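Here is a short report on selected local features of one protein model. Please read it with the structure open.

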Amino acid sequence: MAEISAKMVQELREKTGAGMMDCKKALTEAGGDLAKAEEVLRKKGLSAAAKKTGRAATEGAVASYIHMGGKIGVLVEVNCETDFVARTEGFQGLVKEIAMQVAAASPRWVRREEVPADVVAKELEIAKAQAREQKKPEAILEKIATGKVEKFYSEFCLMEQAWVKDDKKKIQDVLTDAVAKIGENIQIRRFARFVLGEGLEKKQENLAEEVAKAAGLQK
């Protein structure tokens with residue numbers, strides 16, 4: 001088992017807002033794995049960030065991100081609990097980061113619960129058809145299809161996308177970190193993404209890749 005250092009405990013505390021002893025116990029239970037320890041705290045209801053997610057978030061800010069040359073435009077609304085926090089540099093920076101994520105990663109929905117049932121059904125149907133084409137056993141088709149749909153969520157639902165600045169984190173993790181740091185419930189409410197010429201009959205460039213490069217988000 002990995003040695004639980006004071007630095008590890010402090011890092012978990014800063015991320016979750018939980019007490020020092022609770023953090024140490026969680027890290028010990030998780031064998032020194034920070035992500036697993038955070039999950040342990042959430043399951044036990046000890047994470048301050050988790051407790052804040054149920055509180056009303058009716059303030060916030062709308063931010064925009066326009067790609068150089070005006071080829072992609074994004075508007076995003078992120079909510080918090082108070083106008084004071086909404087005006088802070090940390091919150092404003094977070095909203096801007098989310099807008100840049102939407103520009104670069106092109107999500108369709110904020111969270112999986114917003115994906116229409118018929119879209120999910122269609123993805124399951126396609127996944128099963130592909131598995132049958134690959135001669136996979138009927139007994140495991142459902143499991144394969146479910147896995148494909150999970151991948152679909154990770155590609156098109158903003159909260160489950162890998163963060164373009166650190167692909168080891170999901171946007172949900174970025175939000176959780178912000179909640180722990182800022183001290184208020186924070187929710188991404190909605191976004192709109194506009195692509196120049198989208199839907200018109202002309203060749204489209206790979207604008208998502210281009211905007212990520214321009215924003216300095218690609219390595």
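## Loop residues with positive phi

K135 sits in the loop that joins α7 to α8 (141-156). Helices here are DSSP runs of H or I with at least four residues, strands are runs of E with at least two, and both are numbered from the N terminus. K135 is not a glycine, yet its phi is positive, near 65 degrees. Its relative accessible area is 73%, so K135 is exposed. Buried means under 20% relative accessible area, exposed means over 50%, and partly exposed lies in between (1.4 Å probe, protein chains only).

S106 is in the loop between α6 and α7. S106 also is not a glycine and has a positive phi, about 50 degrees. With a relative accessible area of 27%, S106 is partly exposed.

## Basis of the model

The model is predicted: local features need pLDDT of at least 70, side-chain atom pairs count only at pLDDT 80 or more, and totals for chains, interfaces and linings use all residues. Residues are numbered from 1 along each chain as its sequence is written, and side-chain values use heavy atoms, with hydrogens and water left out.

## A131 in helix α7

Helix α7 spans residues 117-133 and contains A131. Is A131 buried or exposed? A131 is buried, at a relative accessible area of 2%.

What does A131 touch, leaving aside neighbours within four places in sequence? A131 is in contact with K136, L141 and I144. Contact means heavy atoms within 4.5 Å. A131 and L141 are 10 residues apart along the chain, and 6.6 Å separates their C-alpha atoms.

## Helix α3: two sides

Helix α3 covers residues 34-43, and its buried residues are A37, E38, V40 and L41. These residues span an arc of only 155 degrees around the axis, which puts them on the same side of α3. The arc is taken from the directions between the helix axis and the C-beta atoms. An α-helix has 3.6 residues a turn, so residues three or four places apart point the same way. On the other side of α3, A35, K36 and K43 are exposed. The cover over the buried residues of α3 includes α1 (6-16), α2 (20-29) and α9.

E38 belongs to α3. E38 counts as buried at 7% relative accessibility. Not counting residues up to four places away in sequence, E38 touches L12, K15, T16 and T176. At the start of α3, a side-chain oxygen of D33 comes to within 3.0 Å of the backbone nitrogen of A35.

## Helices α6 and α9

The axes of α6 (residues 89-105) and α9 (residues 171-182) come within 11 Å and cross at roughly 175 degrees. That makes α6 roughly antiparallel to α9, a term for angles over 145 degrees. Axes are lines fitted to C-alpha atoms, for helices over the stretch in contact, and angles run from 0 to 180 degrees between N-to-C directions.

F91, L94, I98 and Q101 of α6 meet I171, V174, L175, A178 and I182 of α9. By class, this contact has eight nonpolar, one polar and no charged residues. Ala, Val, Leu, Ile, Met, Phe, Trp, Tyr, Cys and Pro count as nonpolar, Asp, Glu, Lys and Arg as charged, and the others, Gly among them, as polar.

E184 lies in the loop between α9 and β5 (187-195). E184 counts as buried, at 8% relative accessibility. Its side chain makes a polar contact with the side chain of T82, at 2.5 Å. A polar contact is a pair of N or O atoms within 3.5 Å; within protein, one must be able to donate a hydrogen and the other to accept it, and residues adjacent in sequence count only if both atoms are side-chain atoms.

Methods:
Angles under 35 degrees count as roughly parallel, over 145 as roughly antiparallel, 65 to 115 as roughly perpendicular and the rest as oblique.
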